[in-house]
Amino acid sequence: MKNKYYLKWLKLLIIFFIIFVGCYYIVFWCSNRTPLVLSENEPEKLVLLKGKLILKLFPGPPEYSSIKDGDRKDYCWLLKLDKSSFKIAMTTRVCEPANSKKNIMEHSDPEEISLCLDDIFRKYCQDHINQNIECEGYLFHAHTIHHYTPIILDVKKIGQNGTLVGQ
Amino acid sequence: MIYIKAQIGPPNIGEPEGRFTVQYFDEKGNLTIRSGGTRAWRCNNPGNLQASPYSMSKQRHSIGKVREGKNEYAVYPDYETGHLALVVMLRGTVYSPLSLREAMKKYDFNNPMYIDEIVKITKLDPERTIKSLSDHEFEIFWKAIEKVEKWIVGREDFIEKWYITSVHKKHGVITQCLIKKNENSLWVSKEEAVQLAIDGRLHVTLVHLKTGKVYLRPEFGHKPFEKVS
(Lines give C-alpha, C1' and ligand atoms only; values in the text may rest on other atoms or scores of the structure.)
Protein backbone atom coordinates (compact mmCIF):
# COMPACT_ATOMS: atom_id res chain seq x y z
CA MET A 1 0.00 0.00 0.00
CA LYS A 2 2.76 2.38 1.04
CA ASN A 3 4.83 1.40 -2.03
CA LYS A 4 1.92 2.23 -4.32
CA TYR A 5 1.59 5.64 -2.68
CA TYR A 6 5.30 6.41 -3.23
CA LEU A 7 5.16 5.13 -6.81
CA LYS A 8 2.29 7.49 -7.57
CA TRP A 9 4.25 10.47 -6.22
CA LEU A 10 7.36 9.37 -8.06
CA LYS A 11 5.43 9.22 -11.34
CA LEU A 12 4.03 12.69 -10.75
CA LEU A 13 7.49 14.00 -9.91
CA ILE A 14 8.95 12.55 -13.10
CA ILE A 15 6.13 14.06 -15.20
CA PHE A 16 6.68 17.49 -13.59
CA PHE A 17 10.41 17.20 -14.16
CA ILE A 18 9.92 16.35 -17.86
CA ILE A 19 7.49 19.26 -18.29
CA PHE A 20 9.90 21.63 -16.54
CA VAL A 21 12.89 20.54 -18.65
CA GLY A 22 10.74 20.73 -21.82
CA CYS A 23 9.56 24.27 -21.03
CA TYR A 24 13.10 25.35 -20.21
CA TYR A 25 14.39 24.09 -23.54
CA ILE A 26 11.53 25.68 -25.49
CA VAL A 27 12.20 29.06 -23.85
CA PHE A 28 15.96 28.66 -24.39
CA TRP A 29 15.46 27.57 -28.03
CA CYS A 30 13.10 30.46 -28.79
CA SER A 31 15.29 33.09 -27.13
CA ASN A 32 18.27 31.96 -29.19
CA ARG A 33 16.38 32.12 -32.47
CA THR A 34 14.46 35.33 -31.97
CA PRO A 35 16.17 38.39 -33.45
CA LEU A 36 17.54 40.77 -30.80
CA VAL A 37 15.41 43.60 -32.15
CA LEU A 38 14.15 46.64 -30.28
CA SER A 39 10.42 46.91 -29.82
CA GLU A 40 8.54 49.87 -31.27
CA ASN A 41 9.38 53.24 -29.67
CA GLU A 42 12.11 51.63 -27.56
CA PRO A 43 15.18 53.88 -27.73
CA GLU A 44 18.61 52.62 -28.78
CA LYS A 45 20.87 51.75 -25.85
CA LEU A 46 24.21 53.46 -25.42
CA VAL A 47 26.72 50.80 -24.38
CA LEU A 48 30.25 50.86 -23.05
CA LEU A 49 32.38 47.97 -24.22
CA LYS A 50 35.92 47.00 -23.26
CA GLY A 51 38.45 44.86 -25.04
CA LYS A 52 41.61 44.63 -27.08
CA LEU A 53 41.86 46.81 -30.18
CA ILE A 54 43.04 44.84 -33.21
CA LEU A 55 43.40 45.55 -36.91
CA LYS A 56 42.33 42.74 -39.20
CA LEU A 57 42.56 42.32 -42.93
CA PHE A 58 39.54 41.04 -44.86
CA PRO A 59 39.10 40.34 -48.56
CA GLY A 60 36.87 43.07 -49.98
CA PRO A 61 35.20 43.66 -53.36
CA PRO A 62 34.56 42.26 -55.87
CA GLU A 63 34.38 38.69 -54.49
CA TYR A 64 35.02 39.14 -50.74
CA SER A 65 36.76 35.78 -50.57
CA SER A 66 40.48 35.94 -51.36
CA ILE A 67 42.99 38.79 -51.57
CA LYS A 68 45.33 36.41 -53.39
CA ASP A 69 42.72 36.05 -56.14
CA GLY A 70 42.44 39.81 -56.60
CA ASP A 71 40.00 41.06 -53.96
CA ARG A 72 40.59 44.49 -52.44
CA LYS A 73 42.38 44.63 -49.09
CA ASP A 74 39.88 45.83 -46.48
CA TYR A 75 41.49 46.71 -43.15
CA CYS A 76 38.98 46.73 -40.33
CA TRP A 77 39.34 47.91 -36.73
CA LEU A 78 37.99 45.30 -34.34
CA LEU A 79 37.46 45.14 -30.62
CA LYS A 80 38.09 41.71 -29.11
CA LEU A 81 35.63 41.92 -26.23
CA ASP A 82 36.26 40.79 -22.69
CA LYS A 83 33.71 38.42 -21.10
CA SER A 84 31.42 41.01 -19.50
CA SER A 85 31.39 43.22 -22.61
CA PHE A 86 30.63 40.21 -24.80
CA LYS A 87 27.64 39.47 -22.58
CA ILE A 88 26.43 43.06 -23.06
CA ALA A 89 26.91 42.85 -26.83
CA MET A 90 25.04 39.54 -26.98
CA THR A 91 22.05 40.71 -24.98
CA THR A 92 21.60 44.31 -26.17
CA ARG A 93 18.69 44.64 -28.53
CA VAL A 94 19.27 46.70 -31.65
CA CYS A 95 17.30 48.32 -34.46
CA GLU A 96 16.28 46.19 -37.40
CA PRO A 97 17.89 44.47 -39.34
CA ALA A 98 18.84 42.36 -36.34
CA ASN A 99 20.25 38.88 -35.95
CA SER A 100 19.48 36.19 -33.40
CA LYS A 101 21.97 34.89 -30.82
CA LYS A 102 22.17 31.65 -32.79
CA ASN A 103 23.16 33.49 -36.00
CA ILE A 104 25.79 35.49 -34.13
CA MET A 105 27.28 32.45 -32.44
CA GLU A 106 27.61 30.66 -35.79
CA HIS A 107 30.44 33.05 -36.72
CA SER A 108 33.92 31.78 -35.98
CA ASP A 109 34.88 34.75 -33.75
CA PRO A 110 31.65 36.20 -32.35
CA GLU A 111 33.50 38.05 -29.57
CA GLU A 112 35.23 40.23 -32.17
CA ILE A 113 33.12 43.24 -33.11
CA SER A 114 33.81 45.79 -35.84
CA LEU A 115 34.21 49.44 -34.97
CA CYS A 116 32.32 51.89 -37.16
CA LEU A 117 34.63 54.91 -36.81
CA ASP A 118 34.67 58.54 -37.79
CA ASP A 119 37.94 59.92 -39.14
CA ILE A 120 38.78 61.53 -35.79
CA PHE A 121 38.88 58.11 -34.08
CA ARG A 122 41.05 56.41 -36.70
CA LYS A 123 44.16 58.25 -35.55
CA TYR A 124 43.42 57.22 -31.95
CA CYS A 125 43.14 53.58 -33.07
CA GLN A 126 46.46 53.72 -34.92
CA ASP A 127 48.12 54.98 -31.73
CA HIS A 128 46.53 52.31 -29.51
CA ILE A 129 46.72 49.18 -31.64
CA ASN A 130 46.82 45.90 -29.63
CA GLN A 131 46.02 47.79 -26.41
CA ASN A 132 43.01 47.41 -24.13
CA ILE A 133 40.58 50.23 -24.79
CA GLU A 134 36.98 51.23 -24.06
CA CYS A 135 34.40 52.33 -26.60
CA GLU A 136 31.01 53.90 -26.09
CA GLY A 137 28.38 53.83 -28.79
CA TYR A 138 25.39 52.15 -30.34
CA LEU A 139 25.36 48.55 -31.47
CA PHE A 140 23.97 47.25 -34.72
CA HIS A 141 24.11 43.89 -36.46
CA ALA A 142 25.73 42.96 -39.76
CA HIS A 143 23.35 43.32 -42.69
CA THR A 144 25.42 44.03 -45.80
CA ILE A 145 28.26 42.24 -47.54
CA HIS A 146 30.63 44.95 -46.19
CA HIS A 147 30.07 43.93 -42.57
CA TYR A 148 32.68 41.35 -41.65
CA THR A 149 31.67 40.64 -38.06
CA PRO A 150 28.17 39.82 -36.77
CA ILE A 151 28.09 42.75 -34.31
CA ILE A 152 29.22 46.30 -35.03
CA LEU A 153 29.63 49.28 -32.71
CA ASP A 154 28.93 52.76 -34.03
CA VAL A 155 31.57 54.49 -31.89
CA LYS A 156 30.70 57.81 -30.24
CA LYS A 157 33.46 57.92 -27.62
CA ILE A 158 36.74 56.11 -27.27
CA GLY A 159 39.42 55.95 -24.58
CA GLN A 160 41.24 54.07 -21.85
CA ASN A 161 40.80 53.60 -18.09
CA GLY A 162 37.53 55.50 -17.90
CA THR A 163 38.79 58.57 -19.76
CA LEU A 164 36.81 58.80 -22.96
CA VAL A 165 37.13 61.30 -25.76
CA GLY A 166 34.30 61.85 -28.21
CA GLN A 167 32.86 63.94 -30.96
CA MET B 1 10.29 31.54 -65.19
CA ILE B 2 9.64 31.63 -61.45
CA TYR B 3 12.42 30.35 -59.23
CA ILE B 4 11.32 28.73 -55.99
CA LYS B 5 14.62 27.58 -54.48
CA ALA B 6 18.28 28.55 -54.69
CA GLN B 7 21.48 27.07 -53.34
CA ILE B 8 25.22 27.49 -53.66
CA GLY B 9 27.04 25.57 -56.38
CA PRO B 10 30.72 24.82 -56.88
CA PRO B 11 32.84 27.36 -58.78
CA ASN B 12 33.51 26.69 -62.45
CA ILE B 13 36.70 24.79 -63.25
CA GLY B 14 39.73 27.08 -63.09
CA GLU B 15 37.93 29.78 -61.12
CA PRO B 16 38.90 30.74 -57.53
CA GLU B 17 37.21 28.88 -54.65
CA GLY B 18 35.26 31.94 -53.53
CA ARG B 19 33.71 32.56 -56.93
CA PHE B 20 30.79 30.25 -56.24
CA THR B 21 27.95 29.61 -58.63
CA VAL B 22 24.29 29.89 -57.67
CA GLN B 23 21.80 27.19 -58.63
CA TYR B 24 18.19 28.27 -59.13
CA PHE B 25 15.33 25.76 -59.35
CA ASP B 26 11.97 26.60 -60.90
CA GLU B 27 8.65 24.94 -60.03
CA LYS B 28 9.18 22.28 -62.73
CA GLY B 29 12.51 21.30 -61.21
CA ASN B 30 14.54 22.84 -64.05
CA LEU B 31 17.92 24.16 -63.02
CA THR B 32 19.53 27.48 -63.93
CA ILE B 33 23.15 28.01 -62.96
CA ARG B 34 24.55 31.51 -62.67
CA SER B 35 28.31 31.94 -62.84
CA GLY B 36 30.66 34.85 -63.42
CA GLY B 37 29.38 38.41 -63.14
CA THR B 38 29.18 39.94 -59.68
CA ARG B 39 27.82 38.41 -56.49
CA ALA B 40 24.95 40.89 -56.58
CA TRP B 41 23.85 39.50 -59.96
CA ARG B 42 24.51 35.84 -59.09
CA CYS B 43 22.32 36.17 -55.98
CA ASN B 44 19.73 38.58 -57.48
CA ASN B 45 20.69 40.78 -54.55
CA PRO B 46 21.52 44.27 -55.90
CA GLY B 47 22.03 45.69 -52.39
CA ASN B 48 24.42 42.89 -51.41
CA LEU B 49 22.44 42.15 -48.25
CA GLN B 50 23.61 39.49 -45.87
CA ALA B 51 21.26 36.68 -44.89
CA SER B 52 19.53 37.82 -41.71
CA PRO B 53 16.08 37.48 -40.15
CA TYR B 54 15.28 40.74 -42.00
CA SER B 55 16.50 39.80 -45.49
CA MET B 56 15.21 36.22 -45.19
CA SER B 57 11.80 37.09 -43.73
CA LYS B 58 8.56 36.05 -45.47
CA GLN B 59 7.87 39.63 -46.54
CA ARG B 60 11.18 39.79 -48.41
CA HIS B 61 10.45 36.57 -50.41
CA SER B 62 14.00 35.28 -50.43
CA ILE B 63 14.36 31.78 -51.88
CA GLY B 64 17.56 30.72 -50.17
CA LYS B 65 20.94 31.73 -48.91
CA VAL B 66 24.48 30.94 -49.90
CA ARG B 67 27.23 30.53 -47.35
CA GLU B 68 30.73 31.42 -48.37
CA GLY B 69 33.42 31.53 -45.73
CA LYS B 70 32.07 33.30 -42.66
CA ASN B 71 29.24 35.09 -44.42
CA GLU B 72 25.85 34.17 -45.76
CA TYR B 73 24.07 36.08 -48.51
CA ALA B 74 20.39 36.24 -49.27
CA VAL B 75 19.25 34.99 -52.67
CA TYR B 76 16.13 36.40 -54.30
CA PRO B 77 14.09 34.99 -57.18
CA ASP B 78 14.64 38.02 -59.41
CA TYR B 79 16.16 41.50 -59.50
CA GLU B 80 12.89 43.25 -58.53
CA THR B 81 12.49 41.25 -55.29
CA GLY B 82 16.13 41.77 -54.33
CA HIS B 83 15.88 45.45 -55.15
CA LEU B 84 12.74 45.77 -52.99
CA ALA B 85 14.61 44.29 -50.01
CA LEU B 86 17.17 47.09 -50.32
CA VAL B 87 14.57 49.84 -50.80
CA VAL B 88 12.45 48.71 -47.84
CA MET B 89 15.56 48.68 -45.66
CA LEU B 90 16.55 52.21 -46.76
CA ARG B 91 12.99 53.47 -46.18
CA GLY B 92 12.85 51.72 -42.77
CA THR B 93 13.18 53.18 -39.30
CA VAL B 94 16.96 52.76 -39.11
CA TYR B 95 18.14 54.29 -42.37
CA SER B 96 15.46 56.86 -43.21
CA PRO B 97 16.28 59.35 -40.39
CA LEU B 98 19.99 59.24 -41.25
CA SER B 99 21.76 61.66 -43.55
CA LEU B 100 23.16 60.16 -46.74
CA ARG B 101 26.65 60.42 -45.19
CA GLU B 102 25.61 58.59 -42.00
CA ALA B 103 23.64 56.01 -43.98
CA MET B 104 26.56 55.15 -46.23
CA LYS B 105 28.85 54.97 -43.20
CA LYS B 106 26.51 52.39 -41.71
CA TYR B 107 26.21 50.55 -45.03
CA ASP B 108 29.96 50.24 -45.59
CA PHE B 109 32.10 51.75 -42.83
CA ASN B 110 35.31 50.29 -44.24
CA ASN B 111 35.08 52.51 -47.29
CA PRO B 112 34.98 56.23 -46.35
CA MET B 113 34.96 57.03 -50.09
CA TYR B 114 31.54 55.38 -50.55
CA ILE B 115 29.65 58.59 -49.86
CA ASP B 116 31.90 60.50 -52.28
CA GLU B 117 30.96 58.04 -55.03
CA ILE B 118 27.27 58.41 -54.18
CA VAL B 119 27.49 62.22 -54.22
CA LYS B 120 29.42 62.15 -57.49
CA ILE B 121 26.69 60.05 -59.12
CA THR B 122 23.61 61.66 -57.56
CA LYS B 123 24.79 65.28 -57.03
CA LEU B 124 22.72 65.19 -53.81
CA ASP B 125 23.70 67.00 -50.61
CA PRO B 126 25.25 64.31 -48.33
CA GLU B 127 23.85 66.04 -45.23
CA ARG B 128 20.25 65.56 -46.33
CA THR B 129 18.31 62.77 -44.65
CA ILE B 130 16.95 59.86 -46.65
CA LYS B 131 13.40 60.63 -45.60
CA SER B 132 13.73 64.19 -46.94
CA LEU B 133 14.39 62.91 -50.46
CA SER B 134 11.59 63.11 -52.99
CA ASP B 135 10.59 59.91 -54.79
CA HIS B 136 12.68 60.93 -57.79
CA GLU B 137 15.72 61.76 -55.63
CA PHE B 138 15.33 58.54 -53.70
CA GLU B 139 15.33 56.63 -56.97
CA ILE B 140 18.57 58.33 -58.00
CA PHE B 141 19.98 57.45 -54.58
CA TRP B 142 19.21 53.71 -54.66
CA LYS B 143 20.33 53.50 -58.27
CA ALA B 144 23.66 54.97 -57.17
CA ILE B 145 24.01 52.38 -54.39
CA GLU B 146 23.27 49.57 -56.82
CA LYS B 147 25.82 51.05 -59.22
CA VAL B 148 28.52 51.16 -56.53
CA GLU B 149 27.61 47.63 -55.40
CA LYS B 150 28.03 46.59 -59.05
CA TRP B 151 25.52 44.55 -61.04
CA ILE B 152 27.49 42.79 -63.74
CA VAL B 153 25.71 40.08 -65.66
CA GLY B 154 27.61 36.82 -66.06
CA ARG B 155 26.77 33.50 -67.63
CA GLU B 156 23.49 31.64 -67.20
CA ASP B 157 23.15 27.95 -68.05
CA PHE B 158 19.75 26.34 -68.25
CA ILE B 159 19.43 22.64 -67.55
CA GLU B 160 16.00 21.23 -68.19
CA LYS B 161 14.63 18.40 -66.11
CA TRP B 162 13.13 15.74 -68.37
CA TYR B 163 10.21 13.35 -68.02
CA ILE B 164 9.89 9.63 -68.76
CA THR B 165 6.76 9.19 -70.85
CA SER B 166 6.89 5.52 -71.87
CA VAL B 167 8.87 2.40 -71.05
CA HIS B 168 9.74 -0.97 -72.60
CA LYS B 169 9.46 -3.82 -70.14
CA LYS B 170 10.78 -7.37 -70.24
CA HIS B 171 9.39 -9.82 -67.67
CA GLY B 172 7.92 -6.86 -65.79
CA VAL B 173 11.27 -5.04 -65.52
CA ILE B 174 12.00 -1.74 -67.31
CA THR B 175 14.65 -2.12 -70.01
CA GLN B 176 14.29 1.15 -71.95
CA CYS B 177 12.74 4.55 -71.24
CA LEU B 178 11.37 7.17 -73.60
CA ILE B 179 12.58 10.54 -72.35
CA LYS B 180 10.83 13.73 -73.35
CA LYS B 181 13.46 16.42 -74.03
CA ASN B 182 11.99 19.78 -74.99
CA GLU B 183 9.89 18.88 -78.02
CA ASN B 184 11.88 15.74 -78.90
CA SER B 185 11.70 12.28 -77.43
CA LEU B 186 14.53 9.80 -77.14
CA TRP B 187 14.78 6.12 -76.15
CA VAL B 188 17.54 5.40 -73.64
CA SER B 189 18.55 2.29 -71.75
CA LYS B 190 17.48 1.89 -68.13
CA GLU B 191 21.10 2.34 -66.98
CA GLU B 192 21.35 5.67 -68.78
CA ALA B 193 18.02 6.76 -67.30
CA VAL B 194 19.23 5.84 -63.80
CA GLN B 195 22.40 7.88 -64.32
CA LEU B 196 20.34 10.86 -65.50
CA ALA B 197 18.13 10.50 -62.42
CA ILE B 198 21.19 10.39 -60.15
CA ASP B 199 22.40 13.62 -61.83
CA GLY B 200 19.03 15.20 -61.03
CA ARG B 201 18.08 15.53 -64.69
CA LEU B 202 14.94 13.34 -64.61
CA HIS B 203 11.59 13.63 -62.89
CA VAL B 204 11.60 10.14 -61.32
CA THR B 205 11.99 8.53 -57.94
CA LEU B 206 14.89 6.14 -57.56
CA VAL B 207 14.18 3.09 -55.44
CA HIS B 208 17.32 1.40 -54.09
CA LEU B 209 16.92 -2.17 -52.92
CA LYS B 210 19.15 -3.87 -50.37
CA THR B 211 20.27 -6.24 -53.13
CA GLY B 212 21.81 -3.27 -54.95
CA LYS B 213 19.18 -3.15 -57.67
CA VAL B 214 17.70 0.20 -58.64
CA TYR B 215 14.14 0.78 -59.78
CA LEU B 216 12.64 3.79 -61.49
CA ARG B 217 9.26 5.01 -60.30
CA PRO B 218 7.17 8.06 -61.31
CA GLU B 219 7.35 10.96 -58.84
CA PHE B 220 4.58 11.24 -56.28
CA GLY B 221 1.41 12.53 -57.91
CA HIS B 222 2.63 11.89 -61.47
CA LYS B 223 1.03 9.53 -63.97
CA PRO B 224 2.47 5.96 -64.18
CA PHE B 225 4.89 5.28 -67.06
CA GLU B 226 3.06 4.13 -70.18
CA LYS B 227 4.07 0.57 -71.06
CA VAL B 228 4.79 0.23 -74.80
CA SER B 229 5.89 -3.40 -74.81
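Guide: Two strands count as paired if DSSP finds at least two bridges between them. This is a predicted model. Start with strand β8 of chain B, residues 173–181. Six bridges join β8(B) to β9(B), and the two run antiparallel. One bridge pairs Lys181(B) with Asn184(B) of β9(B). In general, strands of a sheet pair through backbone hydrogen bonds.

Now widen the view. The sheet is open and has four strands, in the order β9-β8-β7-β12 of chain B. Its pairing is mixed. The edges are β9 (184–189) and β12 (226–227) of chain B, and each pairs on one side only. Helix α6 of chain B, residues 190–198, packs on this sheet. Helix α6(B) touches β7 (163–170), β8 and β9 of chain B. Its direction makes about 55° with that of β8(B).

Next, the setting. Chain B is divided into domain 1 (3–156) and domain 2 (162–227). The centres of these two domains of chain B, taken over C-alpha atoms, are 41 Å apart.

The largest nonpolar core has 38 residues. Val22(B), Cys43(B) and Tyr73(B) are among those that touch the most other members. Elements that each supply at least two residues to this core include β1 (3–9), β5 (71–75) and α5 (135–149) of chain B. Cys43(B) has contacts with Val22(B), Val66(B), Tyr73(B), Ala74(B) and Val75(B), leaving aside residues up to four places away in sequence. A second, separate core of 31 residues includes Ile104(A) and Cys116(A).

Last, the partner chain. 24 residues of chain A contact 28 residues of chain B.

Methods. Residues numbered from 1 in each chain as written. Chains lettered and ligands numbered in written order. Predicted model: local features only at pLDDT ≥ 70, side-chain atom pairs only at ≥ 80, totals over all residues. Domains from an automatic or database assignment. Contact = placed C-beta atoms within 7 Å. Axes fitted to C-alpha atoms, helices over the stretch in contact; angles between N-to-C directions. Core = buried A, V, L, I, M, F, W, Y, C linked by C-beta atoms within 7 Å. Buried ≥ 20, exposed ≤ 12 C-beta atoms within 10 Å, placed from the backbone.
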